[in-house]
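Here are a few friendly notes to read alongside the model. Please keep the structure open and find each place as you go.

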Amino acid sequence: MDGQGLVSALKGLAQAVGASSHAMHLVRYRGGKPVESVSAGHGGAAGAPMDDYARYWVRHDPWVGAAARQPPGVHDMARLVPPEVLRRSRIWNEWGRPNEAAFHAVGATLMRDPGHWGGVAFHRRETEPPFSEAETGLLRTLFPHLRRAFAAEAQLAPARAASGAMLRAGLDALPDGVALLDAEGRLVFANAALQEMAAQADGLALGAHGPETPDPASRLALRRAVTAALAAAQGQLGLLPSAGSLSLPRRSGGAPWMVRALPVLPRGEAELLDGHRGAMLLVTDGEKRSRPMPALLSRLFGLTPAEASLAASLAAGRSLDEHAKRRGVSRETARSQLAAVRRKTGCRRQTDLVALFARLPG
């Protein structure tokens with residue numbers, strides 16, 4: 001009930017019986033044959049291979065066919081489907097062996113009706129020994145608890161799915177772009193604002209790993225920022241402060257896209273990332289963002305009112321000459337103020353100064 005989901009909650013039990021992977025399946029049948037499943041696993045063939053299994057390979061799984069004919073309880077799958085039969089099967093040769101999927105399995109049938117079968121399974125690879133009778137016996141002892149947990153999961157999953165839908169709707173309502181990446185850095189969600197930004201094809205695109213840019217230096221900086229955020233999600237915080245913010249230049253020459261990478265930790269109500277740790281990228285349109293005001297720049301860097309005014313002009317995209325003309329001061333005075341601003345901010349070049357201001361909030 002803490003929101004992890006049954007697969008995550010079973011990790012300790014999987015370790016106790018020496019399983020290298022485990023999974024939960026809810027299989028739908030038509031005419032007595034499996035046609036699709038909702039499957040989630042940990043270890044082994046989890047991730048994209050499991051998605052392929054749920055969409056297609058479940059139809060060819062002899063374990064599913066055999067388990068669905070068994071009464072509720074714990075079953076050693078080797079007794080239902082002999083290993084030599086599994087080795088000759090299409091699913092093992094085309095999906096199982098290439099993905100180092102399960103070869104030995106103990107399955108618990110937790111639900112069975114004419115149109116559905118539900119259960120959990122604990123697996124070992126072909127190179128590992130079969131499950132012992134003691135390990136299978138432990139699962140039989142815990143079977144009543146597994147069955148209650150499965151029933152609770154069935155009741156809680158719709159509420160968590162609704163929570164995920166609400167979260168997506170909230171992110172879609174934001175004016176800034178949001179990309180959510182999983183623990184491997186793969187894109188799992190991009191909100192409406194980010195998709196609109198990418199559609200402009202102005203130095204920002206969306207790919208399998210989230211925002212992309214054709215600029216080599218910015219691409220490297222973006223990769224470092226994502227790596228730092230993913231490391232921070234695992235508790236390694238040292239890289240994040242220096243690598244978390246960057247700008248992506250526009251091909252049109254306009255104000256850059258501003259990107260900030262943040263770690264994302266799993267929360268009970270956040271099914272959007274399926275419980276994975278990952279990263280969130282916040283993307284701001286430099287053409288639309290509010291510029292930092294002189295008072296903020298003065299407080300942050302200890303600038304005088306005149307220096308803060310110059311810094312705000314640079315942040316707004318004005319040149320030194322434009323600022324001097326607007327303020328009615330000589331160019332030499334403006335240059336002197338610029339030198340003071342660079343010294344107080346630690347920026348050696350004016351371009352570094354502008355990049356610094358671009359990362360600040362309005």
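1. Let us begin with a word used below: two residues are in contact when they have heavy atoms within 4.5 Å of each other. With that in hand, look at helix H14, where the buried residues pack against helix H13 (305-315) and helix H15 (331-345). Do keep in mind that this is a predicted model.

2. Which residues of H14 are buried? In this helix, which covers residues 320-327, they are Leu 320, His 323 and Ala 324. These residues lie on the same side of H14 because they cover an arc of only 100° around the axis. Turn to the other side of H14 and you will find Lys 325 and Arg 326, which are exposed. Just after H14 comes Gly 328, with a positive phi of about 70°.

3. Now for the largest nonpolar core, which has 24 residues. Within this core, Tyr 53, Trp 63 and Trp 95 touch the most other members. Two or more residues each are given by strand S1 (21-30), helix H3 (48-55), helix H4 (62-67) and helix H7 (90-96). The largest share comes from H4, with 4 residues. As background, nonpolar side chains in soluble globular proteins tend to be buried together.

4. Leaving aside residues up to four places away in sequence, Trp 95 touches Ala 45, Pro 49, Asp 52, Tyr 53, Trp 57, Arg 90 and Ala 101.

5. Is Ser 37 buried or exposed? You will find Ser 37 in strand S2 (residues 33-42). Ser 37 counts as buried because its relative accessibility is 11%, and the cut-off for buried is under 20%. Its side chain and that of Ser 39 are joined by a polar contact of 2.7 Å. Not counting residues up to four places away in sequence, Ser 37 touches Leu 26, Val 27, Tyr 53, Ala 54 and Val 58.

6. Finally, how confident is the prediction? The average pLDDT of the chain is 85, and 90% of the residues score at least 70. Confidence is highest in helix H6 (residues 83-88), at a mean of 94, and lowest in helix H11 (residues 240-243), at 52. Over residues 268-275 the pLDDT is below 50, and this stretch has 18 contacts in the model beyond near neighbours in sequence. Where pLDDT is low, the predicted coordinates should not be read in detail.

Definitions and conventions
Residues numbered from 1 in each chain as written. Predicted model: local features only at pLDDT ≥ 70, side-chain atom pairs only at ≥ 80, totals over all residues. Heavy atoms only, no water. Buried < 20%, exposed > 50% of the residue type's maximum accessible area, 1.4 Å probe, protein only. Arc of directions from axis to C-beta. pLDDT = per-residue confidence, 0-100. Core = buried A, V, L, I, M, F, W, Y, C linked by side-chain atoms within 4.5 Å. Polar contact = N/O pair within 3.5 Å; in protein donor to acceptor, adjacent residues only side chain to side chain.
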